[in-house]
Amino acid sequence: MIDSHAHLQDEKFNDIEKIINNAKNANVTKIICASSSISTSKKAVEIANRFKNVYATIGIHPEEAQEWNGDTLKTLEDLALNEKVVALGETGLDYYYEFCSREKQKESFISQIKLSNKLKLPLVIHTRNASGDTMDIIRKYRSYLNNGVVIHCYSMSLEILSEILNYGFYISLGGAITFKNARNLLDIARAVDLDKLMLETDCPYMAPEPFRGEVNEPKNIEYVAKKIAELKNISFEEVASKTTNNAIKFFRLKDK
């Protein structure tokens, strides 16, 4: 299996080598280390360079959008030269806490859409309580989104899912689908074509049942796969195999 979205550089992980070994022992063969700021982007690249089976995304999360400026853009372009960088993001909109103004979030999001097009890198999108504006921007800048898009930790509606899939985009699902109150996510998991699905932990957050509330790790992705298999009435092995192939294709991992 592949964990398509993990924050290995988070301060909750004080022994990254142990975390990665735990993942290997749970048949997690590759991990995509996702970023939310310039500092975490740099750390993600450092970790990816240390471990053969780890890759990095670089980008500015909407909660960190206040740091977006010309220097930020140049730094991301420089980091993207590293061969272990496989995508831009996570970027998008988050209106849940609104740590940053909506206008600044939009500026950062649109700029990173354009940058992903320039760099010919896939884009990892985060959206929370901002479906309307997120989709408005995606529709407006659709012509820039031809290098692959994944909506990570998908939480939008079934109706929007249909539009997302029609664009050829992917979604990824994590531990939240194991939560008792995750009715919408259960419908999403049943509806999404397995060809457009990836698995993620979003660790150290969103630990699946039976570990909810604990520090999450990539090794726990098997619980996400098992839940999806149950919901789709297919085998765990089919979910693991197909989502792994999807991640390899999306992040272009074959030659890295």
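Here is a short tour of a predicted model, with stops at a helix, a pocket and a loop residue.

**Stop one: helix H8.** Select residues 221-232. At 1.5 Å a residue, these 12 residues should span 16 Å, and the end C-alpha atoms sit 17 Å apart, which agrees. Now show the side chains of Ile 221, Val 224, Ala 225, Ile 228, Ala 229, Leu 231 and Lys 232: these are buried. Turn the view to look down the axis of H8, and the buried residues fall within an arc of 165°, so they line one face of the helix. What covers them? Bring up strands S1 (2-6), S7 (170-173) and S8 (197-199), along with helices H7 (183-191) and H9 (236-251), which are among the covering elements.

**Stop two: the largest pocket.** Its volume is about 860 Å³. Select His 61, Glu 63, His 126, Asp 202 and Tyr 205, the closest to the centre among 31 lining residues. Then colour helix H2 (38-50) and strands S4 (85-94) and S5 (123-128), the elements that each give two or more residues to the lining. By type, the lining divides into 14 polar, 10 charged and seven nonpolar residues.

**Stop three: Lys 120.** Head for the loop between helix H4 (102-119) and S5. Is Lys 120 buried or exposed? It counts as exposed, because its relative accessibility is 55%, above the 50% cut-off. Beyond neighbours within four places in sequence, Lys 120 is in contact with Asn 147 and Arg 252.

Note on methods. Residues are numbered from 1 along each chain as its sequence is written. This is a predicted model: local features need pLDDT of at least 70, side-chain atom pairs count only at pLDDT 80 or more; totals for chains, interfaces and linings use all residues. Side-chain values use heavy atoms; hydrogens and water are left out. Helices (H or I, at least four residues) and strands (E, at least two) are DSSP runs, numbered from the N terminus. The expected span of a helix is 1.5 Å times one less than its number of residues. Buried means under 20% relative accessible area, exposed over 50%, partly exposed in between (1.4 Å probe, protein chains only). The arc is that of the directions from the helix axis to the C-beta atoms. Contact means heavy atoms within 4.5 Å. On a 1 Å grid over the protein atoms alone, a cavity is a set of points where a 1.4 Å probe fits but cannot get out, and a pocket is an open set with protein on both sides within 12 Å along at least five of seven lines; lining residues have an atom within 4 Å of a point. Grid points are joined across faces, edges and corners, and a volume is the space filled by probe spheres set on the points. Ala, Val, Leu, Ile, Met, Phe, Trp, Tyr, Cys and Pro count as nonpolar, Asp, Glu, Lys and Arg as charged, and the others, Gly among them, as polar.
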